[in-house]
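Subject: Structure handover

Hello,

Here is the structure for your files. Please look it over before reading my notes below.

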Amino acid sequence: MKKAVVVAENRSMFKDKNHFELFDLRPSFQVAHDYLEDVYRKLNQQFHPDRVAQGSSREKLDATLLTAQINEAYETLKDPLKRGHYLLKHFDPSNDDHPDHTIKDPDLLLEALEQQEALSLAKTTQDIEPLLEQGRAKKSWTLLMVEKAFDEKDFCQARLNLYRYRYYDKLISDAKVQLSEKLKDHASTA
């Protein structure tokens, strides 16, 4: 019964905490992934619903809600794109940033059209691999630009680079799918 009371108390204590506070982190784009994993594991061990399996319905619900909050915070903080958008909400609650919004960046739109065309024209794995590597390099560079923008508290630039990051992530995903299909085709004809 004591475990159930602890879960209920912690549920109310964690209720008003943001994702960073839940993991005892200062709000920052840079997150120590080893630390995040360690705290996540400890929180899950401490508050998992199985620990109150013999408790009341309310105690089980509290444990489930707390675990869901921990899982949501972890999934947000471990993913750079989700973490970035969460930080934008944290630092600038009045902005209308949403991960699904598009951006009016003519350079990125032109690049996207060119990259998608190159990917659609790629006939062999040798055509796709350079596009994949280029996408990875640009994604890494863009991630550095997101970090820099948050460090400088330039939220407009952070937002812009988060959209670019999302685009490069999608380009890489599309290239991987196409590469996989080409490799399957090659294996089936061999």
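What follows is a summary of the fold, the confidence, the cores and the salt bridges.

Ground rules. This is a predicted model, so local features need pLDDT of at least 70 and side-chain atom pairs count only at pLDDT 80 or more, while totals for chains, interfaces and linings use all residues. Residues are numbered from 1 along each chain as its sequence is written, and side-chain values use heavy atoms, with hydrogens and water left out.

Confidence. pLDDT is the predictor's confidence in each residue, from 0 to 100. The protein chain averages 86, and 86% of its residues reach 70 or more. Helix α1 (residues 2–14) has the lowest confidence, with a mean of 57. Helix α7 has the highest, at 95. Where pLDDT is low, the predicted coordinates should not be read in detail.

Fold. The protein chain has 8 helices and 0 strands. Both are DSSP runs numbered from the N terminus: helices are H or I with at least four residues, strands are E with at least two. Of the 190 residues, 39% are buried. Buried means under 20% relative accessible area, exposed means over 50%, and partly exposed is in between (1.4 Å probe, protein chains only). Accessible surface comes to about 11,700 Å², with 53% of it belonging to carbon and sulfur atoms. Those areas come from the Shrake-Rupley method with a 1.4 Å probe; for residues, only the protein chains shown count as cover. Among contacts (heavy atoms within 4.5 Å) with a separation of 6 or more, 71% join residues 24 or more positions apart.

Cores. A nonpolar core is a set of buried Ala, Val, Leu, Ile, Met, Phe, Trp, Tyr and Cys residues joined through side-chain atoms within 4.5 Å. The largest has 28 residues. Those touching the most other members are Phe-20, Phe-23, Leu-25, Leu-36, Leu-43, Ile-70 and Phe-150. Helices α2 (19–22), α3 (33–47), α4, α5 (80–91), α7 and α8 (155–189) each supply at least two residues of this core. Another core, of 13 residues, lies apart from it and includes Leu-132 and Tyr-167.

Helix α7. This helix covers residues 125–151. Its 27 residues reach 39 Å from first C-alpha to last, close to the 39 Å expected at 1.5 Å a residue. The expected span is 1.5 Å times one less than the number of residues. Buried positions in α7 include Leu-132, Val-146 and Phe-150. Beyond its neighbours within four places in sequence, Phe-150 has contacts that include Phe-29, Leu-87, Phe-91 and Leu-162. After α7 comes Lys-153, with a positive phi near 60°.

Salt bridges. The whole structure holds 8. Each is a side-chain nitrogen of Lys or Arg within 4 Å of a carboxyl oxygen of Asp or Glu. Three are described here:

- Glu-133 and Arg-136 pair at 2.7 Å, N to O. They sit 3 residues apart in α7, about one helical turn. Glu-133 is partly exposed at 46%, and Arg-136 is partly exposed at 33%.
- Arg-58 pairs with Asp-62, with the closest N and O atoms 3.2 Å apart. Both lie in α4 (residues 57–78), 4 residues apart. Arg-58 is exposed at 53%, whereas Asp-62 is buried at 6%.
- Glu-75 pairs with Lys-78, with the closest N and O atoms 3.7 Å apart. They are 3 residues apart in α4. Glu-75 is partly exposed at 34%, and Lys-78 is partly exposed at 34%.

Best wishes
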